[in-house]
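Keep the viewer open as you read.

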Amino acid sequence: VIISFLLRNTNENEDSPILKFYLKFLKMVCRISLWIFGINKIESHYLCDKEWPKNIVSNHVSALDPFYFISEHACSFVAKKSLRKDRFIGASVLALKCVFVYREKLEDRKKALESIKERQLLVNDKKNNYPSFVIFSEGTTSNGMQIIEQKKGAFFSLLPITPVLLVYDYDIFNPSYDILPFTWWVFLSAANYQSMELRTYWLPKVYPPDEPEHANLTEEEKINIFHDKVSKIMFQNMKKYNPKAPQDIDDYNDWPGSLRLKVDYFQTALGKVATKQLNKEKNLSEK
């Protein structure tokens, strides 16, 4: 609570001693958390340039993904505004300088896109000491085997993007099965102590369509080209670096490894218990 108060009263553009100390502490906590949840080895393969901070798009596999980015570079994310007042993680999202948004209404989503574009511009221009900004552009978690279709919000700014691939190697429990009730997922992850590895691939920076070459295109067409370009690069590199990736699929639009498959798995494995839990969560989300 005290740290949250101090961070709220700190100029966002300044790196105060309190902020620097807290970020070091947070990075350590996240790395320890990964270890507790069974990640016994982390390999970060930097195929990108050494220019920081970066605008990043990443595949989204598990609730563990943000822990990696925080432990590695204290990255910022898109977060719900309500999290700022959360007694447990409020201080963390403030320290990371996350972009806070509402997503309930259409107007809120439009404002969220503008906030994302504004932050990406600041990061690209290396202004105001903002950290690297991560967007999980698929909009949901996948089963980790391949990239699913990405949302276009991360590409609206038409600024250079650094794609990052997260590849989990596991023996028994796939950490992507976070469709399970959270307490179950935590228990199963912790029960697989030291049984998983995480390999990450920071791919070379991808640039938006060249302005002179595509001068006659509308902004929407440029966004679509950029989105498709990044998606194809991530898809092909996932086939290259992830041994579990299907090798007979060449188009990211043809890969159905989405939340739906995880729901099917959950219901098949647990039957009525799963159906009851999913209905409960659905009712809560509709309130």
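Helix α7 (residues 219–241) lies across β2 (55–58), β6 and β7, and runs at about 30° to β6. Here contact means heavy atoms within 4.5 Å; axes are lines fitted to C-alpha atoms, for helices over the stretch in contact, with angles from 0 to 180 degrees between N-to-C directions. Helices (H or I, at least four residues) and strands (E, at least two) are DSSP runs numbered from the N terminus.

Before going further, a note on the source: this is a predicted model, in which local features need pLDDT of at least 70 and side-chain atom pairs count only at pLDDT 80 or more, while totals for chains, interfaces and linings use all residues. Residues are numbered from 1 along each chain as its sequence is written, and side-chain values use heavy atoms, with hydrogens and water left out.

Now to the sheet under discussion. Five strands form an open sheet in the order β1-β7-β6-β2-β5, with mixed pairing; two strands pair if DSSP finds at least two bridges between them. At the edges are β1 (39–46) and β5 (133–136), each pairing on one side only. On average, neighbouring strands of this sheet are turned by 25° against each other, direction ignored. Within the sheet, β6 (residues 162–170) and β7 (residues 196–202) pair in the antiparallel sense over seven bridges. Y168 stands opposite L198 in β7.

Stepping back, the protein has nine helices and seven strands. Of its 287 residues, 47% count as buried, meaning under 20% relative accessible area, where exposed is over 50% and partly exposed in between (1.4 Å probe, protein chains only). K110, in helix α5 (residues 106–124), counts as exposed because its relative accessibility is 53%.

Finally, the second largest pocket holds about 320 Å³ of space. A pocket is an open set of points on a 1 Å grid over the protein atoms alone, where a 1.4 Å probe fits, with protein on both sides within 12 Å along at least five of seven lines; lining residues have an atom within 4 Å of a point. The volume is the space filled by probe spheres set on the points. Of the 17 lining residues, L23, H73, A74, N129 and P131 are the closest to the pocket's centre. Helix α2 (residues 17–36) gives the largest share of the lining, five residues.
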